[in-house]
Amino acid sequence: MAEQKGQHEKVQDGTEESKENPRLEQNQSEKPLSFTAMVVVTGFTAGMLWSAIAYICHFFSFTKIEPNIIFEPWAVGNWVDKWIGVVLSIVAYGVISIGVALIYYGLLRKFKSMWVGAAYGIALYLAFFLLLNPLFPSIKSFTAIDYHTLITTFCLYILYGVFIGYSISYEENELRHQDEKEKSGEVSH
């Protein structure tokens with residue numbers, strides 16, 4: 001008992017033994033997220049954030065397209081228009097956005113410019129309004145939509161693309177820079 005108490009006091013005093021003991025919580029470092037996990041978190045966050053902002057834009061009549069339109073091809077019932085439909089559609093956009101972020105990761109992560117993210121947002125905008133339009137019957141054709149809706153959604157898609165693109169490209173750049181430092185011997189672990 002006295003021996004255990006003595007060891008406990010050594011650990012609390014901050015002796016060399018306690019500083020080198022890897023089992024102690026103070027000597028353990030957090031493991032960073034893998035790059036793919038960071039992309040998934042970025043995609044989910046972007047989808048939820050920008051769909052929530054789209055709801056705000058719809059609420060203030062900047063756009064006539066309701067963001068819960070995502071359930072239009074599959075959902076039946078009036079629950080889609082209630083608060084549960086709003087919450088579930090925001091989560092659904094988050095889940096879909098994971099795939100969008102993974103596509104960006106696979107194709108465009110090496111580019112450093114935020115303009116690549118903006119171009120990605122424009123490509124998503126065109127894909128939604130021109131290619132996926134038949135899936136959503138309540139959305140009018142591209143030429144029949146009022147210009148307030150077109151401009152608002154265009155800006156939202158650009159900002160969404162920049163959010164995803166810049167987050168992923170920035171992290172890729174930081175990892176590449178850190179690897180170069182380690183290879184040159186500037187940083188040692």
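Me: What makes a contact a salt bridge?
Reply: A side-chain nitrogen of Lys or Arg must lie within 4 Å of a carboxyl oxygen of Asp or Glu. This is a predicted model. By this rule the count comes to 3 salt bridges.

Me: Why is the pair Arg 109 and Glu 172 called a salt bridge?
Reply: Their side chains meet at 3.4 Å, N to O. The cut-off is 4 Å, so the pair qualifies.

Me: What does the pair of Arg 109 and Glu 172 tie together?
Reply: Arg 109 lies in the loop between H4 and helix H5 (114-131), and Glu 172 lies in helix H6, so the bridge ties together parts that are 63 residues apart in sequence.

Me: Why is Glu 172 called buried?
Reply: Its relative accessibility is 10%. Buried means under 20%, so Glu 172 counts as buried.

Me: Is Arg 109 buried, exposed or partly exposed, and how do you know?
Reply: Arg 109 has a relative accessible area of 21%. Buried is under 20% and exposed is over 50%, so Arg 109 falls in between and is partly exposed.

Me: How do you know that Lys 110 forms a salt bridge with Glu 172?
Reply: The closest N and O atoms are 3.5 Å apart. The limit is 4 Å, so this pair passes. It also links distant parts of the chain, with Lys 110 in the loop between H4 and H5 and Glu 172 in helix H6, 62 residues apart.

Me: What about Arg 176 and Glu 172?
Reply: The closest N and O atoms are 3.6 Å apart, a salt bridge again. Both residues lie in helix H6, 4 residues apart, about one turn of the helix. An α-helix has 3.6 residues a turn, so residues three or four places apart point the same way. Arg 176 has a relative accessible area of 27%, so it is partly exposed.

Me: What makes these residues one network?
Reply: Shared partners do: the salt bridges join Arg 109, Lys 110, Glu 172 and Arg 176.

Me: How do you know that the span of helix H3 is close to the expected one?
Reply: H3 (residues 35-59) has 25 residues and reaches 36 Å from its first C-alpha to its last. At 1.5 Å a residue, 36 Å is expected.

Me: What covers the buried residues of H3?
Reply: The cover includes H4 and helix H6 (147-184). Among the buried residues are Phe 35, Trp 50 and Tyr 55.

Me: What makes the surface patch nonpolar, and which residues form it?
Reply: Trp 83, Ile 84, Val 87, Leu 88, Val 91 and Val 95 form it, with about 540 Å² of accessible area together. Trp, Ile, Val and Leu count as nonpolar side chains, so the patch is called nonpolar. Val 95 lies in helix H4 (residues 83-108).

Technical notes: Residues are numbered from 1 along each chain as its sequence is written. This is a predicted model: local features need pLDDT of at least 70, side-chain atom pairs count only at pLDDT 80 or more; totals for chains, interfaces and linings use all residues. Side-chain values use heavy atoms; hydrogens and water are left out. Patches are made of residues with over 30% relative accessible area and no salt bridge: like charges are joined within 9 Å, nonpolar side chains (Val, Leu, Ile, Met, Phe, Trp, Tyr) within 5 Å. Accessible areas come from the Shrake-Rupley method with a 1.4 Å probe; for residues, only the protein chains shown count as cover. Helices (H or I, at least four residues) and strands (E, at least two) are DSSP runs, numbered from the N terminus. The expected span of a helix is 1.5 Å times one less than its number of residues. Buried means under 20% relative accessible area, exposed over 50%, partly exposed in between (1.4 Å probe, protein chains only). Contact means heavy atoms within 4.5 Å.
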